Amino acid sequence: MSNFRDLLNLVKNEIVETTPEDVKKRLAAGEKLAILDVREDDEVEQGMLPGAAHLSRAHFESRVEDVLPRKDGEVVVYCAGGVRSAFAARTLQELGYSKVSSMNGGFNRWKDLGYDFAMPRVLDAAQRDRYSRHLILPEVGQSGQVKLLESKVLSIGAGGLGSPSLLYLAAAGVGTIGIVDSDVVEASNLQRQVVHDTERIGMSKAESAREAITKLNPDVKVVTHPFRLDQSNVRELISQYDVVVDGSDNFDTRYVINDAAVALRRPVVHGSIFRFEGMVSTFIPYEGPCYRCLFPEAPPPELAPT
């Protein structure tokens, strides 16, 4: 009757093994290697190989093709010492990956040799609970959620368009949200501007939105900009953020945002609405048209809907 040691020896005879020294040399030479860490979450907190992707063994077979979409590229798998990575390498071969190797000695050997490693940001227990529905999505996972927590989004407006987008951005865990709005909350806003409530009538919309977001998700840092956006401040403001959400309600502001975003190469998610009609579009500078490409000039005031 065979035991675990026999099974491990059998697996190692069926795969290719490499060493930390060889992986280090190949990376230094500029080789394109996909590196996959198959340790558990708590182990990853101790550090990872630079540039490595992470996928624990718990959902390995069902998710690995999302993490490693190319099956003909070089893949190096590692764990703590080289046992779990050996089994993972065989699984990858069975799934059709043609150039797979397991790093014998694993992360422990890599660290003992004094090689550089990255200390990744990891989610704490409360965050894993809060974002659990994101974590089970292959398109997001822990690495995607960490990117969301490290991202910065600027919302232009906290009104009818800004309100729902602000709430969903905060709920999703976008780490820093900037809010530009110079108006105050009025009773007539509450029919559609859902980020505000009756108790905050008369309060700055930016501050009202900040209060709602903080209650919804304390992970989020909210930066308020309670002034009107114009040519004098737009570039400095947009340069502090990764993405702009344009929920402005006038053409002048839309063109100001567009021109600054193109100059700074910042993506803009634009939304506008009139009665029962609306439009939404994402403009990525130099990868597609911008707002001014579609609408070179604003319509004359008498034709602009209000």
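Eight nonpolar residues, one polar residue and one charged residue make up the lining of the largest cavity in this predicted model. Here Ala, Val, Leu, Ile, Met, Phe, Trp, Tyr, Cys and Pro count as nonpolar, Asp, Glu, Lys and Arg as charged, and the others, Gly among them, as polar. A cavity is a set of points, on a 1 Å grid over the protein atoms alone, where a 1.4 Å probe fits but cannot get out, and lining residues have an atom within 4 Å of a point. Residues are numbered from 1 along each chain as its sequence is written. Because the model is predicted, local features need pLDDT of at least 70 and side-chain atom pairs count only at pLDDT 80 or more, while totals for chains, interfaces and linings use all residues; side-chain values use heavy atoms, without hydrogens and water.

Two cavities of 30 Å³ or more are present in the structure. The volume of the largest is about 50 Å³, a volume being the space filled by probe spheres set on the points, with grid points joined across faces, edges and corners. Its lining consists of Asn258, Ala261, Val262, Arg266, Val268, Phe283, Ile284, Pro285, Pro289 and Cys290. Helix α13 (residues 251-264) supplies the largest share, three residues; helices (H or I, at least four residues) and strands (E, at least two) are DSSP runs, numbered from the N terminus.

The second largest cavity has a volume of about 40 Å³. Asp246, Arg254, Ile257, Asn258, Val268, His270, Phe283 and Tyr291 form its lining. Two or more of these residues come from each of α13 and β10 (268-274), and α13 gives the largest share, three residues. This lining comprises four nonpolar, two polar and two charged residues.

Conventions
On a 1 Å grid over the protein atoms alone, a cavity is a set of points where a 1.4 Å probe fits but cannot get out, and a pocket is an open set with protein on both sides within 12 Å along at least five of seven lines; lining residues have an atom within 4 Å of a point.
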